[in-house]
Amino acid sequence: MTGKKGRQWRSMCKGLVLGTLLTSCMILLYSLSTPQIHLSLPEFPVPYSCAHRPSQLHPKPTTNISQQTSGQTCTPKVDIMFMKTHKTASSTFLNILFRFGEKHRLKFAFPDSRNDFFYPSVFQRSQVKDYRPGMCFNVICNHMRFNASEVAKLLPLDTSYITILRDPAELFESSFHYFGRLVPFTWKIPGDDKLTEFLRDPNYYFDKEGFNSFYLKNLLFFDFGQDNTLELNDPRVEEGIKFITERFQLVMLVEHFEESLILLKDALCWEMDDLLFFKLNARKGSTVSRLTPELRARALQWNAVDWKLYQHFNQTFWRKVNAYGRERMAEDVIELRRRNEDMASICIEGGRAVEASSIQETAMQPWQPFGEKSIMGYNLKKNVDKVHRKLCRKMLMPELQYLTELGVNLWITKLWGHIRDIINW
């Protein structure tokens, strides 16, 4: 018994030492990588898309519901602000956006040295790689803490603002799993099932001033630049939801991802081929905590502001679906699924995602959470025909590898990965 207690104490001490070292490294890296903020950057309006003048785009026949006269044409919209929220299948959509950007030779506003805009700091134009006042971009899409005024000074006036939400209970479970080890106050939660213990009395464990605490309360609201610790009846909650509603033309839902893509296709005049996707960054089933009805209710209560946000946009989403036509939507979803299944049979070895240990090509290994390899990936099928080889590789490529291919220097992110490997937490 004494020996068992000794091992437990040694394990706990080791965890505290490693945790302290890990947190110190994170703070140091963040301090080194955060750029100097320019508070008085000159203002230069961006009147039109920098990649294409309207006359240079090729119009195509449209079935867009906003076009009232049959036979009219619409032009694909290429100026896009995608607000990439956490744990919301946003990496899957990012892959779609990267491929669309390459197809149309668009100019992306990328971060410098890492894969996000120095999150959780509020976005500033100075965080964009090689930014100079007056520069024009078509797309901004990496993780940021939203700052509407700074984003607006970076993109044309008619830019389409898109984002995606997820059921807050499921999002909380995913965030707790993925980021939990990065939130120091979780280290004191006893037992193996820390999620259940936390939800039993979250106020007992939660420290709103704690390092990285935002990952575990109303993360969606935080991502949009709002205060995630507000009480539900605080008038600033309604103001925040109104603020988001006024700025985003389309708010997609993870639970209805294909329907969301069809609405996006209609709103932006894209083609069905632009929507093809494989699900990226999926977790293996054994790591997913199945929330009981009681735990789900507790998670929603704890994330009540996110739940209110989600319910609001769930209603607006289905109004858009009704305007599009339920029957038409069902037919288009079937068509999209069929095309994705065809691509899976062409591209994916075995036709499905596999665990990280079974991914044969290092370049196809996705980024993993701390302490485990729970994120699945794909093996590219051998001897894919020339017609599909490039597309297959792009569709299967994890986010960090794709960013590198697009010219982003991820030295901070890569250094952090090496530190994690050395610590071997």
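## Cavities

A cavity is, on a 1 Å grid over the protein atoms alone, a set of points where a 1.4 Å probe fits but cannot get out, and its lining residues are those with an atom within 4 Å of a point. This is a predicted model, in which local features need pLDDT of at least 70 and side-chain atom pairs count only at pLDDT 80 or more, while totals for chains, interfaces and linings use all residues. Residues are numbered from 1 along each chain as its sequence is written, and side-chain values use heavy atoms, with hydrogens and water left out.

The structure holds three cavities of 30 Å³ or more, and the largest cavity has a volume of about 50 Å³, where grid points are joined across faces, edges and corners and a volume is the space filled by probe spheres set on the points. Lining the largest cavity are Lys279, Leu280, Asn281, Met364, Pro366, Met376, Gly377, Tyr378, Leu396 and Pro398. Sorted by class, this lining has seven nonpolar, two polar and one charged residues, with Ala, Val, Leu, Ile, Met, Phe, Trp, Tyr, Cys and Pro counted as nonpolar, Asp, Glu, Lys and Arg as charged, and the others, Gly among them, as polar.

## Aromatic pairs and charges over rings

A search of the whole structure finds 31 aromatic pairs, a pair being rings of Phe, Tyr and Trp (its six-membered ring) whose centres lie within 6.5 Å, with planes under 30 degrees apart counted as stacked, over 60 as edge-to-face and the rest as tilted. The rings of Phe108 and Phe110 are stacked, because their centres are 5.1 Å apart and their planes stand at 5 degrees. Phe108 and Phe110 are both buried, a class that means under 20% relative accessible area, against exposed for over 50% and partly exposed in between (1.4 Å probe, protein chains only).

Phe206 and Trp302 form an edge-to-face pair, at 5.1 Å centre to centre and with 75 degrees between the planes. This pair links distant parts of the chain, 96 residues apart, with Phe206 in the loop between α6 (202-205) and α7 (219-223) and Trp302 in helix α10 (residues 293-302); helices (H or I, at least four residues) and strands (E, at least two) are DSSP runs, numbered from the N terminus.

## Helix α11

Helix α11 (residues 304-324) has 21 residues and reaches 30 Å from its first C-alpha to its last, close to the 30 Å expected at 1.5 Å a residue, the expected span being 1.5 Å times one less than the number of residues. Among the buried residues of α11 are Leu309, Tyr310, Phe313, Phe317 and Val321. Gly325, whose phi is positive, near 110 degrees, follows α11.

## Backbone features in loops

Lys87, in the loop between β3 (80-83) and α2, has a positive phi near 55 degrees without being a glycine, and at 17% relative accessibility Lys87 counts as buried. Asn383, in the loop between α12 (326-347) and α13 (386-396), also has a positive phi, of about 60 degrees, but Asn383 is exposed, with a relative accessible area of 79%. A cis peptide bond with omega of about 15 degrees joins Tyr119 and Pro120, and Pro120 lies in the loop between α2 and β4.

Terms used: 1 Å grid on protein atoms, 1.4 Å probe; cavity = no way out; pocket = protein on both sides within 12 Å on 5 of 7 lines; lining within 4 Å.
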